[in-house]
Amino acid sequence: MTKLKKRKLLSIVVSFAVIISLLYVPKLEVNAAGQWMESSEGWWYQQEDGSYPWETWKEIDGAWYYFDWYGYMTTGWKNINGYWYFFFPDGRLATYMWIGNDWVDENGVWTDTWGTTGWQLRSGVWKYYDENGNECSGWIKSGRYWYYVGDGSMHTGWLEDGGYWYYFDSEGRMCTDWIWDGNDWYLMDAKGRWINDSKIIYLTFDDGPGPYTDRLLGILDKYDVKATFFVTSAFPSYAGCIKKEYDAGHTVAVHSFTHNYRQIYASEAAYWSDFEKMQSVIVGQTGERTNLFRFPGGSSNSVSRFNSGIMTRLSREAGQKGYKYFDWNVASGDAGDTTSSDVVFRNIANGVKGHNESVVLCHDVKSYTVTAMETFIPWALSNGYTFIPLSENSFGAHHPIQN
Ligand code: ZN
């Protein structure tokens, strides 16, 4: 072999080694997803094909980054196509959170919250802002609920104020009726104050709203008493009263859309279909579904006997669906026995004396019952009774089922 040939062979071997090392070495250092590179100007990203992203968004390991015109990773506030975004010091896009006093939405876009009122989560703490954007403290009414802001954040759990104990649930809402604080049951009145669990009256009004409902709401408001309405669609033109009831802090619950015994007790499907129709009317008025209801005729009714066992099946299904039904243990007698306000008054006043907790059956579609409230409510208040609207924790006053 000549010297020249030896050289040529050597150069071929060397170039081969160089080619192999070029192919091999990048494979060791660059994984399939590319790699972060740092220079004196900042971080950039080398993609698997050797190129780098510039003036573009890129998702890397589940986080979004933005690379500028030179290919460098963005940090801090940046306006992109007319929207402001915030990038953490490590380049990740911030989403759905407060950056100081600035809010970025689920897409990371900055949103103007100036003048926003109501509850806002700032740095993990719920705060309340009035219409001028000022932070509020103390007692706050928002929608139909009371809240308390102490020590700069929304209060939950027990609170002593003005000689009374109050309880706020995990969403900060002041509780009324029976509450469970994790250890025991306590009874709170309609103003949220912890009280003795006797001489409690749950006034309930069925079959409305109707022509006398507004007058009744006026009486309840005058004495600051909260009640419960088991509503129907008997008088569709009065459906707006459902919203008034709800906004005033009364409990709104399902009674029936048609209240037609033959129709609703014909089958389980017929019952729940009527129930859902009433539920939609309620949602349309209040924006909220209710889990509370009362069977037309009560759970002990015998009008459903044309369909053997239907009440047994419906009451079981109600529990499975997460609904709670209420009967009553005091009857006003206004369903047919009387048309006199005085008799209605006497029936209720005598009835509540026999119970620590009374669930009183009334009908706001009866003018004389509404009139009776003008005397019954002041009588009960002056005799030490407390009125509370029904809730999921209330006494159900269930009757024995007879069908
Ligand atoms: Zn009814």
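A definition before the helices: an axis here is a line fitted to C-alpha atoms, for helices over the stretch in contact, and angles between N-to-C directions run from 0 to 180 degrees. Please keep in mind that this is a predicted model.

Start with helix H7, residues 341-353, and H8. Their axes are 8 Å apart, and the packing angle is about 40°. Angles of 65 to 115 degrees would count as roughly perpendicular and those under 35 as roughly parallel, so H7 is oblique to H8. The crossing of the two, H7 and H8, is right-handed.

Which residues of H7 and H8 make the contact? From H7 we have Ser-341, Val-344, Phe-345, Ile-348, Ala-349 and Val-352. On the H8 side there are Tyr-368, Thr-369, Thr-371, Ala-372, Thr-375, Phe-376, Trp-379 and Ala-380. By type, the contact of H7 with H8 has ten nonpolar residues, four polar and no charged.

In soluble globular proteins, nonpolar side chains tend to be buried together. In this model the largest nonpolar core has 66 residues, and the members touching the most others are Ile-201, Leu-203 and Val-360. Helix H8, residues 367-382, gives this core its largest share, six residues. There is also a second, separate core of nine residues, with Tyr-65, Tyr-66, Met-73 and Phe-86 among them.

Back to Leu-203. What does Leu-203 contact, leaving aside neighbours within four places in sequence? The list is Ala-227, Thr-228, Val-360, Cys-362 and Phe-387.

Last, the backbone. Most residues other than glycine have a negative phi, and most peptide bonds are trans.

Pro-209 sits in the loop that runs between strand S20, 200-206, and helix H2, 213-222.

Another is Lys-199, a residue other than glycine with a positive phi, near 55°. Lys-199 is in the loop between strand S19, 194-195, and S20. Is Lys-199 buried or partly exposed? Partly exposed, because Lys-199 has 17 C-beta neighbours inside 10 Å, and buried would take 20 or more.

The remaining one is Tyr-96, also not glycine, with a positive phi near 50°. Tyr-96 is placed in the loop between strand S6, 83-87, and strand S7, 97-99. With 11 other C-beta atoms within 10 Å, Tyr-96 is exposed, since the cut-off for that is 12 or fewer.

Methods. Residues are numbered from 1 along each chain as its sequence is written. This is a predicted model: local features need pLDDT of at least 70, side-chain atom pairs count only at pLDDT 80 or more; totals for chains, interfaces and linings use all residues. A nonpolar core is a set of buried Ala, Val, Leu, Ile, Met, Phe, Trp, Tyr and Cys residues joined through C-beta atoms within 7 Å. Helices (H or I, at least four residues) and strands (E, at least two) are DSSP runs, numbered from the N terminus. Two residues are in contact if their C-beta atoms, placed from the backbone, lie within 7 Å. Angles under 35 degrees count as roughly parallel, over 145 as roughly antiparallel, 65 to 115 as roughly perpendicular and the rest as oblique. A crossing is left-handed if the near helix is turned anticlockwise from the far one by less than a right angle, and right-handed if clockwise. Ala, Val, Leu, Ile, Met, Phe, Trp, Tyr, Cys and Pro count as nonpolar, Asp, Glu, Lys and Arg as charged, and the others, Gly among them, as polar.
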